[in-house]
Number of protein chains: 2
Amino acid sequence: MIVDPQTDPPAFQDVLDAREALRHVAYRTPLLRSDDIDRELGRPVWFKTECLQRTGSFKVRGAWNRCQHIPPAELPRGVVAYSSGNHAQGVASAAQRLGIPATIVMPADAPAAKRIATEGYGALVVLYDRSSESREAIGEEIQSRTGATLIRPFDDAWVIAGQATATLEAIEDADELGVQFDAMLCPASGGGLLAGAAIVLAERSKQTALHVAEPQGHDDHLRSLEQGVVVENAPGFRSIADALLAPQPGNLTFPITRRHVRSGLAVSDTDIQRAMYTSFRCLKLVVEPGGAVAFAALRSQSASVAGDGPVLVMLSGGNVDAALFSDALAIGAAAERT
Amino acid sequence: MIVDPQTDPPAFQDVLDAREALRHVAYRTPLLRSDDIDRELGRPVWFKTECLQRTGSFKVRGAWNRCQHIPPAELPRGVVAYSSGNHAQGVASAAQRLGIPATIVMPADAPAAKRIATEGYGALVVLYDRSSESREAIGEEIQSRTGATLIRPFDDAWVIAGQATATLEAIEDADELGVQFDAMLCPASGGGLLAGAAIVLAERSKQTALHVAEPQGHDDHLRSLEQGVVVENAPGFRSIADALLAPQPGNLTFPITRRHVRSGLAVSDTDIQRAMYTSFRCLKLVVEPGGAVAFAALRSQSASVAGDGPVLVMLSGGNVDAALFSDALAIGAAAERT
């Protein structure tokens with residue numbers, strides 16, 4: 001049982017509870033595939049399509065589930081969160097549904113689509129400078145001033161349990177199709193989705209090897225797993241995967257992912273853009289850079305992925321500006337022609 | 001019962017039979033929605049997402065169902081079809097799955113993505129000039145030379161029955177959600193998908209008014225319905241909706257759609273591009289111009305659509321070249337800013 005959500009890791013029962021809490025809030029996103037992609041990769045590839053989730057990413061799962069555990073007396077003071085955009089939308093959407101105020105601390109360079117969407121859910125957006133200010137400090141200041149509950153993006157047991165429901169649905173749908181995954185690829189920033197996947201696979205799909213996918217230069221999970229301790233990214237590195245720029249694995253998520261993750265795979269911006277293009281061409285899905293990282297890793301490093309049977313790829317979000325998406329299509333289409 | 005598929009209209013039982021034939025071939029594409037779109041339009045909008053269908057459009061349904069009715073002795077001679085691209089892919093994919101040869105007669109100006117994909121399914125593609133040659137004549141010449149079965153794109157009862165399964169699935173999924181549609185918007189070229197929708201609604205959802213959506217200048221269904229007889233489009237008109245350029249409603253489809261279609265709605269290229277952009281932003285779906293026509297009609301002429309309750313929009317395909325898609329995003333994003 002979770003007493004302190006910052007220190008107590010979630011159990012599988014917490015994932016089942018989260019699923020109940022999310023029943024009429026999160027969509028059960030479909031598990032999709034493509035003949036062309038199977039042929040290209042020489043194995044059946046299944047995609048959990050969280051880009052089709054309400055708010056455009058899986059984050060609404062954790063945000064809503066976390067909000068269910070705010071004591072009723074504290075609810076009217078609202079919630080606060082810091083996020084580059086997807087967690088922001090998840091929290092803002094959950095708060096709107098609950099009828100409580102939300103303040104979101106967002107980097108000034110976050111994609112416009114994400115900022116506008118967050119404001120569209122009625123949240124107050126406070127911008128900060130990623131290079132000189134600490135989002136945690138700003139978030140905690142707002143929290144202490146307003147009494148709002150801080151909804152952490154990953155170091156929270158109820159958030160992790162919520163994110164885990166995405167993997168649970170994928171495993172259940174695969175069971176119904178008679179499909180067992182040899183491997184699953186999952187992106188990570190702080191590691192909430194990844195830790196959730198680890199908990200679900202350990203309980204329901206032990207034969208599935210879990211790989212974490214990250215942008216090159218932001219491969220803090222990969223390096224932390226190799227070294228056995230939490231390692232930070234060097235500051236200042238840029239990637240188009242704006243959703244995956246947390247400085248290091250979480251304190252709550254890392255002990256979980258360390259136990260269960262088989263290996264890490266890092267991909268370049270070009271790998272990501274090519275995966276976005278292939279998702280466009282073969283899946284007809286809009287996937288944002290951070291959401292395409294796992295697919296990019298499967299395509300660019302297929303030999304490092306466990307087994308040769310079915311593989312599950314988590315497409316975690318689809319919130320991307322039109323100009324950036326068009327750039328990815330141009331680069332992907334050009335790469336395909338050569 | 002269908003004796004001659006060119007003259008006998010399909011009954012609802014033929015749709016149920018088609019569903020059985022398609023069980024492990026066509027995907028059951030999801031019915032999706034968006035909070036933002038509901039808010040914009042002031043009513044619940046549900047999307048049947050045939051852009052996520054195998055081959056990227058609904059056309060594989062009709063093609064596969066038609067192929068099931070080829071006498072076994074004739075199967076080895078293969079199939080021939082004329083198509084601007086989506087029917088081509090549907091027929092080529094069905095033929096590949098059956099292990100028989102396919103020849104596709106395709107206009108020289110068809111999108112490269114569609115031609116390449118058709119060849120990717122192993123079909124032989126024969127190009128023709130849309131302005132000076134008759135695709136029907138070329139198709140029939142190949143048919144008489146090779147003995148291949150001509151798979152008509154819409155004037156075939158088994159093709160119509162196959163296309164109808166898309167609407168049947170949408171109605172069934174809505175039933176499960178407790179949703180009843182006041183209206184359905186469906187694109188039309190020759191009218192196979194539309195006639196299939198009409199047959200299904202008449203049997204399973206009588207309260208749903210059916211509207212046909214078409215590109216301006218290619219509104220042959222609208223004008224044929226108004227005049228009560230089949231009217232041709234003026235030749236030479238261009239639209240970005242390359243999938244919807246059949247010259248007139250079909251001889252088999254029109255008597256069905258005439259009986260059931262409430263009204264026609266014609267949209268401009270800009271309406272279509274804006275609908276493609278909104279599908280990108282709110283649904284995270286890649287929808288081709290022809291596939292976005294019904295959504296464009298709902299957005300640009302919402303007052304002409306029946307009722308104020310739930311509405312079903314058929315997104316019929318997603319096979320679009322990257323450059324054309326990026327153009328639509330740029331135009332849609334610019335329109336949204338103004």
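The model is a predicted one, in which local features need pLDDT of at least 70 and side-chain atom pairs count only at pLDDT 80 or more, while totals for chains, interfaces and linings use all residues. Residues are numbered from 1 along each chain as its sequence is written, chains are lettered from A and ligands numbered from 1 in the order in which they are written, and side-chain values use heavy atoms, with hydrogens and water left out.

Who touches whom? In this interface, 28 residues of chain B are in contact with 28 residues of chain A, contact meaning heavy atoms within 4.5 Å. Two salt bridges are counted between chain B and chain A, a salt bridge being a side-chain nitrogen of Lys or Arg within 4 Å of a carboxyl oxygen of Asp or Glu. In one salt bridge, the side chains of D35(B) and R54(A) come together at 2.9 Å, N to O. On the side of chain B that touches chain A, helix 2 (35–41), helix 11 (269–283) and helix 13 (322–337) of chain B each supply at least two residues; helices (H or I, at least four residues) and strands (E, at least two) are DSSP runs, numbered from the N terminus. Helix 13 of chain B gives the most to this side, with five residues.

Helices 11 and 13 of chain B also pack against each other. Their axes come within 8 Å and cross at roughly 90 degrees, where axes are lines fitted to C-alpha atoms, for helices over the stretch in contact, and angles run from 0 to 180 degrees between N-to-C directions. The two helices of chain B are therefore roughly perpendicular (65 to 115 degrees; under 35 counts as roughly parallel, over 145 as roughly antiparallel and the rest as oblique). Among the residues making this contact are Y277(B) and F280(B) of helix 11 and L324(B) and F325(B) of helix 13.

In chain A, helix 4 (residues 86–98) and helix 5 (residues 112–120) pack at about 10 degrees with their axes 8 Å apart, and are therefore roughly parallel. Here N86(A), A88(A), Q89(A), A92(A) and Q96(A) of helix 4 meet K114(A), A117(A), T118(A) and G120(A) of helix 5.

Over all chains, the salt bridges number 46. One of them joins D109(A) to R238(A), with the closest N and O atoms 3.2 Å apart. This pair links distant parts of the chain, 129 residues apart.
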